[in-house]
Each structure stands twice: as structure tokens, then as C-alpha cells.
Amino acid sequence: MSISILNAGASGSAAEQFGVWNALQQGGFISWAVASILTIMLFFSLFIMFTKLFEQQKIMNQARRVKASFWNANSLREGAAKLEKNSAYKQLVDDGLAAQEQHSRLTDPVEAHDWLHGSLRRSEDTINSQLGGGLAFLATVGATAPFIGLFGTVLGIYRALIKIGEEGQASIDKVAGPVGEALIMTAFGLVVAVPAVLAYNWLQRRNKAISEDLSSFSNDVLGYLASNGAVRPASRAVKAAPAAKPATTTAGQTGGVPVKPGS
């Protein structure tokens with residue numbers, strides 16, 4: 001029992017002597033600077049990741065509502081009025097309607113299809129640009145954080161070698177601090193970089209899916225505007241009435257006299 005208590009006390013003392021805090025203190029200003037930079041990178045990476053997830057989920061929810069009820073409206077203006085004020089899909093519809101009105105005021109003749117298509121495309125690009133904001137920072141963090149951690153690692157190993165040279169012998173108590181600091185910096189750089197890379201790839205994939213939905217909706221709006229409402233998405237078109245059942249013929253006779261069922 002006493003041996004285990006002593007072991008626990010010894011391990012606790014070793015943790016205090018060679019722990020993370022002590023290793024950073026031994027590293028001095030450079031170690032604290034590297035750790036601070038990595039901490040800031042981690043904070044902003046998490047902030048961007050959760051912010052973008054919220055924005056993406058909001059647009060995905062808007063897409064579900066658009067698919068469920070938008071094309072049941074009698075006109076684009078009526079359908080747009082039912083959408084949220086800051087909806088990406090409402091922005092596409094409003095920009096399309098504005099482009100249709102502006103086309104009649106053009107003095108230089110331009111094909112209506114080209115004008116509408118260009119206006120809707122600009123609107124899509126604006127939305128996609130907003131969705132992609134911040135992802136470049138995640139990519140930068142994923143690419144540079146391991147090297148920033150490696151910088152701290154190199155300095156830690158260098159200081160360990162300096163101590164070995166000064167003491168003339170490689171005693172563990174002299175080099176444990178600098179080596180521990182070096183390993184901590186390496187691990188910290190990876191802890192910051194790996195989530196940033198995973199978040200970047202995941203958010204990019206979700207942005208691609210959203211962009212495809214927006215492009216499909218934009219094409220539907222273009223078809224509606226170019227046809228004055230005659231063309232709508234096939235999935236929302238009114239289903240044709242089922243065809244009447246053919247009359248049955250008398251049994252055993254090809255081309256027999258039609259009779260009503262049950263007669």
C-alpha cells in the first residue's frame with residue numbers, strides 16, 4: 001500500500017516537473033509564441049467549422065421547403081413571398097424577376113435567355129462565394145500547423161543538445177524538459193491540423209451538394225421565366241388523370257361484345 005502511494009507521489013512529482021506547463025516555461029518566449037499561434041488557429045478553425053455548418057444546414061432546410069411547396073404557387077412572386085427573407089432561393093427568384101424587368105429597358109438588343117441566364121449565374125456565384133468564405137483559412141491551417149509545430153520541435157531538440165553540450169553528459173533530467181517540449185509541439189501541431197483538414201473536405205463536399213441544388217433550381221426558374229410560366233419542374237407538374245379501365249369482353253371470345261363488369 002505504501003509502495004503504491006509513493007509511486008503515485010513520485011509520478012505526480014514527475015508530472016509537475018516534466019509536464020506541459022513546465023515544458024513550455026522552459027521553452028521561453030518562442031515556445032509560448034508557437035503554442036499561442038497554434039491555439040489561435042485551433043480556435044478560429046472550430047469557429048469557422050461550426051459557423052459554416054450552421055449556414056449550410058440553413059440552406060439545406062430552405063431547399064427542402066422549396067421542393068415541398070414553392071412550385072405549387074401560381075407565380076414566382078407568390079412563391080418567393082412564402083420564402084424566408086434571407087433565403088438563398090428567394091435571392092435567386094428575386095434576381096431572376098429583376099433581370100426580366102431590366103431586359104425590356106435595354107437599348108442594345110440582347111437575347112432574353114442569355115440575359116436571364118447571366119443574371120441567375122451571377123446570383124449563384126454570389127451565394128457560393130459566401131458559402132466558401134473561411135474555407136481557405138481551414139486549408140491554410142491544415143497545411144501549415146504541422147510545420148509550425150515542427151518549428152517548436154526543432155527548437156526543443158536544439159535546446160536539448162545545447163544542455164547536453166554544457167553538461168557533458170546526456171542525463172535524463174537535463175534533456176527531458178526540452179525533448180518533452182519538442183514532442184508536445186509536434187502533437188499540438190497535429191491536433192490543430194487534422195480537424196482543419198477534415199472540416200475543410202467535409203464542408204467542401206456539402207457546399208458542392210448545395211451548389212448543385214441551387215444550379216438545378218436556377219435552371220427551373222430560367223425555364224419558367226423564358227416560357228412565361230408554361231415550363232415548370234417535371235417533378236412538380238400536375239399529374240394527368242388516370243386512364244379509364246378498358247371494357248371487358250365476353251369470356252372465351254376474341255373481340256367479343258364489351259360488357260360492364262359484374263353484368
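**The main core**

Start with the largest nonpolar core of this predicted model. It has 25 residues. Select Phe 70, Leu 76, Tyr 89, Val 93, Phe 217 and Val 221, which have the most contacts inside this core. Next, colour the elements that give two or more residues to the core: helix 2, helix 3 (76–81), helix 4 (88–103), helix 5 (112–131) and helix 7 (172–226). Helix 7 gives the most, with 7 residues.

Nonpolar side chains tend to be buried together in soluble globular proteins.

Now centre on Phe 217. Which residues does Phe 217 contact, leaving aside its neighbours within four places in sequence? Show Val 66, Phe 70, Trp 71, Tyr 89, Leu 92 and Val 93. Of these partners, Phe 70, Tyr 89 and Val 93 are also on the list of residues with the most contacts inside the core.

**The second core**

Hide that selection and pick Ala 35, Leu 38, Val 192 and Ala 196. These four are among the members of a second, separate core. This core has 11 residues.

**A buried glutamine**

Go to Gln 62, in helix 2. Is its side chain's residue buried or exposed? Gln 62 counts as buried, because its relative accessibility is 3% and the cut-off for buried is under 20%. A polar contact of 3.3 Å joins Gln 62 to Ser 87. Then widen the selection to Glu 84, Asn 86, Ser 87, Ala 88 and Tyr 89. Gln 62 is in contact with each of these, with neighbours within four places in sequence left aside. Tyr 89 links back to the first stop: Phe 217 contacts Tyr 89 too.

**Salt bridges**

Turn to the charged side chains. Opposite charges can pair when the charged atoms of the side chains come close. A search of the whole structure finds 7 salt bridges.

- Select Arg 77 and Glu 101. Their closest N and O atoms are 2.5 Å apart, in a salt bridge. Arg 77 sits in helix 3 and Glu 101 in helix 4, so this pair ties together parts 24 residues apart in sequence. Glu 101 is partly exposed, at a relative accessible area of 37%.
- Select Glu 78 and Lys 82. Their side chains form a salt bridge at 3.9 Å, N to O. Glu 78 is partly exposed, with 31% relative accessible area. Lys 82 is exposed, with 59%.
- Select Asp 94 and Lys 90. This salt bridge is 3.8 Å, N to O. Both residues lie in helix 4, 4 residues apart, about one turn of the helix. Asp 94 is partly exposed, at 32% relative accessible area, whereas Lys 90 counts as buried, at 17%.
- Select Arg 121, Glu 124 and Asp 125. These residues are linked in a network of salt bridges.

**The nonpolar surface patch**

Switch to a surface view. Which residues make the nonpolar surface patch of about 520 Å²? Select Ile 40, Phe 43, Phe 44, Phe 47 and Phe 137. Helix 2 (residues 20–69) supplies the largest share, 4 residues. Phe 137 is found in helix 6 (residues 135–167). Phe 137 is partly exposed, at 33% relative accessible area, so it passes the patch cut-off of over 30%.

**Along helix 6**

Stay on helix 6 and move to Leu 155. Leu 155 counts as partly exposed, at 22% relative accessibility.

**Zoom out**

Finish with the whole protein in cartoon view. The secondary structure comes to 7 helices and 2 strands. From the N terminus on, the order is α-α-α-α-α-α-α-β-β. The protein has 263 residues, of which 30% count as buried. Its accessible surface comes to about 16300 Å², and 63% of that belongs to carbon and sulfur atoms.

Conventions. Residues numbered from 1 in each chain as written. Predicted model: local features only at pLDDT ≥ 70, side-chain atom pairs only at ≥ 80, totals over all residues. Heavy atoms only, no water. Patch = residues over 30% accessible without salt bridge, like charges linked within 9 Å, V, L, I, M, F, W, Y side chains within 5 Å. Areas by Shrake-Rupley, 256 points an atom, 1.4 Å probe, with all protein chains shown as cover. Salt bridge = Lys/Arg side-chain N within 4 Å of Asp/Glu carboxyl O. Buried < 20%, exposed > 50% of the residue type's maximum accessible area, 1.4 Å probe, protein only. Core = buried A, V, L, I, M, F, W, Y, C linked by side-chain atoms within 4.5 Å. Contact = heavy atoms within 4.5 Å. Polar contact = N/O pair within 3.5 Å; in protein donor to acceptor, adjacent residues only side chain to side chain.
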